[in-house]
Amino acid sequence: MPVFNDFFGQFGGRFVAEVLRAPLEELENAFITAMGDPNFLNELAQIQKEYIGRPTPLLPARNASKLLGGAQIYIKLEGLANTGAHKINNAVGQVLLARRMGKTRIIAETGAGQHGVATAAVCAKFGLPCRIYMGEVDIRRQRPNVFLMELYGAEVVSVKSGSQTLKDAVNEALRDWSGSFPDTHYLLGSALGPSPFPDMVREFQAVIGREVAQQTQDLNVAAMIACVGGGSNSIGFFEPFLDKPRPRLIGVEAGGRGPGHGQNAVRMSGEGRPGIVQGYKSFFLLDDDGQVMDTHSVSAGLDYAGIGPQLAALGQTGRIEFTSASDTEVLDAVKFFARHEGVVFALESAHAGAVALKLAPTLPRDQALIVNMSGRGDKDIFISAKYINPEPWFQFLKDEVQRHES
Ligand SMILES: *Cc1c(COP(=O)(O)O)cnc(C)c1O
């Protein structure tokens, strides 16, 4: 039974309006009870197997390792989970918990749309009505994911306040929840936000790390590498190893176009500083007035100014090392693993892949590097195609429009 805390060192907490204290306490109690109930854990394991497709494989990247000439690279294929990424692990866990609590309606925020898609899918599976709050700007940028959410039967609500992006969608979801919590669960998408969300999301994602611990029993693991947006895939992947001295745990942030305000999303290994935003204390990219800064990354899922509080704390103690990969290194890593291993990394996950490419040649052959491929890259075609082979792609889009209009 894991130990749950409101705080991780100086980070975390529950900095919310009075009205949200009761639903967060109710959620925390339900969560702690559920995690100690074998019936709940059995039900969770069953659905992880039947619906998500767990356990996901650990792929020995033999061609890549040979070419790089150092440590053996292994890739945890979370991209093979139903809906194409790790986010469904958390969505399934929270929907089961919500059902156990007697909630009959689910709401969620989404930025790039990946969390919205996972939530909508699980709600469809469990027959629960689902409303997803999404900024108007994000809706326009991420139309394919909006299409998927609606296909699963979710209602996507356009948020037109503020910058019309993720943080405004979170505010809108919290506003909904303040008035609806007696029958509604707020399904938050990463290992952040007010307590108990960071603990809860970590526990539901820890299935990744527990499988890896099983799958690597015979390996001499030097390091585990994961990309870090809000921090859910990384903290779940690292979870069984957090209180051990080894292996090295490496979190990779979005280096974007390079250093400079608004050019990246590097919180821990860059200009981030402590702050309290949207209910929790952590590292954020803030301007001189304490306002959340704009960020940039080629990967929508890492394009975020905050980081989960437990990761911030473990970065400060040094248990997790933080580094970054630039947009260019990420696109090169996508091409490298597609060409040599036959797997297409999501742009987010390719941040971890890019660091493995740099680290492997510096280590001996009898050591292993485990990379978490948090998602697969099919969803990124509208972004990656224009970098990798733009002309035929734009021609295809033009032809599609023409076909539609004629
Ligand atoms: C959302 C997303 C991420 C970033 O979120 P975390 O909470 O940091 O895991 C990473 N990879 C993929 C594929 C995603 O969809």
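This briefing covers a helix pair, a ligand site and some backbone features.

The model is predicted: local features need pLDDT of at least 70, side-chain atom pairs count only at pLDDT 80 or more, and totals for chains, interfaces and linings use all residues. Residues are numbered from 1 along each chain as its sequence is written, and side-chain values use heavy atoms, without hydrogens and water.

**Helix pair**
- Helices H2 (residues 38–52) and H4 (residues 87–100) pack at about 135°, with axes 11 Å apart; helices are DSSP runs of H or I with at least four residues, and strands are E runs of at least two.
- Axes are lines fitted to C-alpha atoms over the stretch in contact, with angles from 0 to 180 degrees between N-to-C directions.
- H2 and H4 are therefore oblique to each other (under 35 degrees is roughly parallel, over 145 roughly antiparallel, 65 to 115 roughly perpendicular, the rest oblique).

**Ligand site**
- The ligand is surrounded by 18 residues, the closest being Lys87, Ser190, Gly229, Ser232 and Ser374 (a heavy atom within 4 Å).
- A polar side-chain atom of Ser232 is 2.7 Å from a ligand oxygen, and a polar backbone atom of Gly230 is 3.2 Å from an oxygen of the ligand.
- A side-chain N or O atom of Ser374 lies 2.7 Å from a ligand nitrogen.

**Backbone features**
- Most residues other than glycine have a negative phi, and most peptide bonds are trans.
- The Arg54 to Pro55 peptide bond is cis, with omega near 0°; Pro55 is in the loop between H2 and strand S3 (58–60).
- Ser195 and Pro196 are joined by a cis peptide bond with omega about 15°.
- Gln164, not a glycine, has a positive phi of about 60°.

Notes:
Polar contact = N/O pair within 3.5 Å; in protein donor to acceptor, adjacent residues only side chain to side chain.
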